[in-house]
Amino acid sequence: MKPSVTYLHLLKHTPFFTSLTTEQLRWVISHSQEWEAQPDTVVAQCNGRAHDVASDQGMWILLDGGWQIEHGQQAYPAGHASAGKWFSAAVTDQPCRLVTTEHSYVMKIERADFDAMLEQGFAFDQHLNAGRRYYSDLFTTPAELVK
């Protein structure tokens, strides 16, 4: 991936960030890193081990383009306006990969910075809740459903 510049006027139109004030958007820009990624770029990987999950709980947000979660021989695509528009290795302890499906722009926010945004009242709840439901369904196997 190649570092990219985050522009305020573009960020404010990205679905994950549309509810934020200009001041909050500036805070996001100063506490994140945007990346340009070509198709088939592995953005994040979950090895299914607890220490791996703990070591990379940063938040990835899809700004533009598309990506998919590869898990259990399946691919689950998401666009920048879908429930899967954000990802963190913390959503699962199962093996998976987050891979771009087209030319994309992605943003990484370190966990501590994202937690600070939540503490400051950044309006992410709708997006986080939709993503949690999406990932819960994706990473729940049929055997887990009958327990």
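Predicted model: local features only at pLDDT ≥ 70, side-chain atom pairs only at ≥ 80, totals over all residues.
In soluble globular proteins, nonpolar side chains tend to be buried together.

Leaving out residues up to four places away in sequence, Phe-17 touches Leu-11, Leu-25, Val-28, Ile-61, Leu-63, Met-107 and Phe-124.

## Open sheet

Four strands make up an open sheet with antiparallel pairing, in the order β3-β8-β5-β6. The edges are β3 (42-47) and β6 (74-79); each has a single partner strand, so one side of each has no neighbour in the sheet. On average, and with direction ignored, neighbouring strands of this sheet are turned by 15 degrees against each other.

Six bridges join β5 (residues 66-71) to β6 in the antiparallel sense. Gly-66 has Gly-79 of β6 as its bridge partner.

## Thr-41

Thr-41 sits in the loop between β2 (33-37) and β3. Is this residue, Thr-41, buried or exposed? Its relative accessible area is 17%, which is under the 20% cut-off, so Thr-41 counts as buried.

A polar atom of the Thr-41 side chain lies 2.7 Å from the backbone oxygen of Gln-38. Not counting residues up to four places away in sequence, Thr-41 touches Met-1, Leu-98, Val-99 and Thr-100.

How values were computed. Residues numbered from 1 in each chain as written. Heavy atoms only, no water. Pairing = 2+ DSSP bridges. Helix = DSSP H or I, 4+ residues; strand = E, 2+ residues; numbered from the N terminus. Axes fitted to C-alpha atoms, helices over the stretch in contact; angles between N-to-C directions. Contact = heavy atoms within 4.5 Å. Buried < 20%, exposed > 50% of the residue type's maximum accessible area, 1.4 Å probe, protein only. Polar contact = N/O pair within 3.5 Å; in protein donor to acceptor, adjacent residues only side chain to side chain.
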